[in-house]
Amino acid sequence: MKILIKGAGDLATGIASRLYGAGHQILMTEIREPLTVRRTVALSRAVYEGCAEVEEMKAYQVDSQEEAGEVLNRGDIPVMVDPGAECRNWYEPDVVVDAILAKKNLGTKITDAPFVIGVGPGFAAGSDCHCVVETKRGHTLGNVIWRGSAIPNTGVPGNVGGYTIERLIRASADGLVEPKVRIGDFVEAGQVVALTGGKPVYAQMGGIVRGMLQEGAAVTENLKIGDIDARAELSHCYTISDKARAIGGGVLEAVSRFGLMRGRYAIVILAAGAGTRFGGDKLLAMVREKPIYEHMLDKVKAFSSFPAFIVTGDGQIAEAAEKRGVVSVQNKEPEKGIARSLCLGLEAAKKAFSYEGREDSLRGVLFSVCDQPGLETSTIQRIFNTAVLHPGSIVCAGRFGRTGNPVLWDRQYFSELEKLTGDVGGRRIMSEYRDRIRVVETGAEELTDVDRREDLESL
């Protein structure tokens with residue numbers, strides 16, 4: 001896959017190493033003056049050195065799409081000075097990995113690519129990315145988080161060789177860095193290791209200098225400019241760290257999961273109900289400052305690798321869907337019940353794959369009602385995650401084992417779905433295959449659908 005990594009520091013380089021080793025194509029972006037402390041194991045130094053080599057990877061600083069293409073064609077990694085990652089517009093990545101490690105989101109959106117990964121604190125899975133990878137040292141380092149966020153930044157560095165805060169070298173004043181030692185040198189506590197703004201910076205402990213900013217880098221007082229390692233292992237100064245490899249492993253796991261599901265599922269939104277119990281067109285009712293139907297349409301935008309359809313008889317809804325890239329399927333006979341909409345949606349999904357010559361690649365279809373505005377994007381993602389690992393299953397959202405919507409049907413149930421009639425939907429089929437149902441647990445508010453006007457009060 002084509003992968004864009006925002007950031008090219010030592011942790012981003014660890015991520016790149018895992019992905020590069022798995023055969024993916026990588027483009028990295030950086031700021032004009034990277035402040036990477038462990039620069040000997042970071043591809044970011046290509047920005048000011050022109051070329052950087054870390055283990056089996058070679059990276060080159062490029063200024064244009066054409067130059068990037070040349071580097072990619074020979075199997076190397078281009079690094080662009082592009083803080084806003086504008087190159088995304090022409091690179092059209094399958095995956096975006098935000099590995100800037102700013103401890104906050106600087107602008108990454110879940111719609112920036114078919115699959116988006118946030119690294120570390122500042123991201124919420126299902127909100128601004130599809131998943132988050134944990135960066136805090138400890139038992140959960142490298143975990144892939146599909147719902148929620150990484151552990152918040154504590155401001156205390158992780159324990160390395162029995163030391164935390166002491167191992168950091170921080171600027172003593174605003175100004176330019178003048179290193180007095182080199183990466184790989186052994187130092188003692190109290191030794192002057194650098195000048196910043198002309199003022200000396202002292203080592204707080206003895207050990208080997210594992211990281212130090214490049215000479216001339218502009219820094220502010222108290223900024224981290226270096227790192228001392230009490231383990232004093234010289235090879236650690238020139239190889240990717242255990243932490244970076246663990247984080248890279250988490251990113252590779254997430255990318256591999258996405259690779260298993262992309263282009264193999266479709267989404268069908270059912271929006272043709274008459275709203276009899278509501279006493280009118282409930283899908284046009286306002287919830288959190290927008291019509292109910294828009295909530296589901298907006299969530300579908302996060303899944304651009306799956307063709308999406310909406311079955312409706314409403315022109316306004318159909319037009320809004322088309323603007324979001326969701327294909328509208330007209331249901332002229334809503335009185336025939338939900339089964340009619342379900343069959344029309346399934347037919348459209350199968351036809352789309354057949355038209356592209358990929359009929360056999362359609363592994364399943366996720367059906368979602370349109371009157372469930374509390375449904376979270378992360379829940380939809382977890383349904384896909386479960387389905388791809390458990391072929392032949394019926395996967396749905398639910399609570400305490402009770403089934404709800406959405407429901408993802410494996411292709412082996414298509415023929416039975418096509419025989420449904422009336423307003424029963426797929427419940428009858430599910431009752432026959434209880435042992436094949438897998439429930440993705442979620443909150444009660446997500447499962448609430450709008451049937452009556454009083455239901456709006458709880459949303």
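Me: How many salt bridges does a search of the whole structure find?

Reply: This is a predicted model, and the search of the whole structure finds 21 salt bridges. One of them joins E55 to R245, with the closest N and O atoms 2.6 Å apart. The pair links distant parts of the chain: E55 is in the loop between strand 3 (51-54) and strand 4, and R245 is in helix 5 (residues 242-261), 190 residues apart.

Me: How is E55 classed by its relative accessible area?

Reply: The class follows from the cut-offs: under 20% is buried, over 50% is exposed, and the range in between is partly exposed. E55 has a relative accessible area of 34% and is therefore partly exposed. R245 counts as partly exposed as well, at 27% relative accessibility.

Me: Which residue forms a salt bridge with D76, and how is D76 classed?

Reply: D76 forms its salt bridge with R74, the closest N and O atoms lying 3.3 Å apart. With a relative accessible area of 15%, D76 is buried, whereas R74 is partly exposed at 48%. In another pair, D112 and K109, the closest N and O atoms are 3.5 Å apart. D112 counts as buried at 9% relative accessibility, and K109 is partly exposed at 44%.

Me: Which residues do salt bridges that share partners join into one network?

Reply: The network is made up of K290, E294, D298, K301 and R324.

Me: Which residues gather in a patch of negative charge on the surface?

Reply: The patch of negative charge consists of D63, E66, E67 and E70. D63 is located in the loop between strand 4 (57-62) and helix 3 (65-73). Since its relative accessibility is 57%, and exposed means over 50%, D63 counts as exposed.

Me: Let us turn to the strands. How do the strands of a sheet pair?

Reply: Strands of a sheet pair through backbone hydrogen bonds, in either a parallel or an antiparallel arrangement. In this model, four strands form an open sheet with antiparallel pairing, in the order 12-19-17-14.

Me: Where should I look for a parallel case, and what are the partners of strand 20?

Reply: Strand 20 (residues 265-271) pairs in the parallel sense with strand 25 (residues 364-369), over six bridges. In that pairing, Y265 stands opposite G364. Strand 20 also runs parallel to strand 23 (residues 308-312), with five bridges between them. There, I269 has I310 as its bridge partner.

Me: Are the residues of strand 20 buried or exposed?

Reply: Seven of the seven residues of strand 20 are buried.

Terms used
Residues numbered from 1 in each chain as written. Predicted model: local features only at pLDDT ≥ 70, side-chain atom pairs only at ≥ 80, totals over all residues. Heavy atoms only, no water. Pairing = 2+ DSSP bridges. Helix = DSSP H or I, 4+ residues; strand = E, 2+ residues; numbered from the N terminus. Buried < 20%, exposed > 50% of the residue type's maximum accessible area, 1.4 Å probe, protein only. Patch = residues over 30% accessible without salt bridge, like charges linked within 9 Å, V, L, I, M, F, W, Y side chains within 5 Å. Areas by Shrake-Rupley, 256 points an atom, 1.4 Å probe, with all protein chains shown as cover. Salt bridge = Lys/Arg side-chain N within 4 Å of Asp/Glu carboxyl O. Lys, Arg positive; Asp, Glu negative; His and termini not counted. Charge placed at Lys NZ, Arg CZ, Asp CG, Glu CD.
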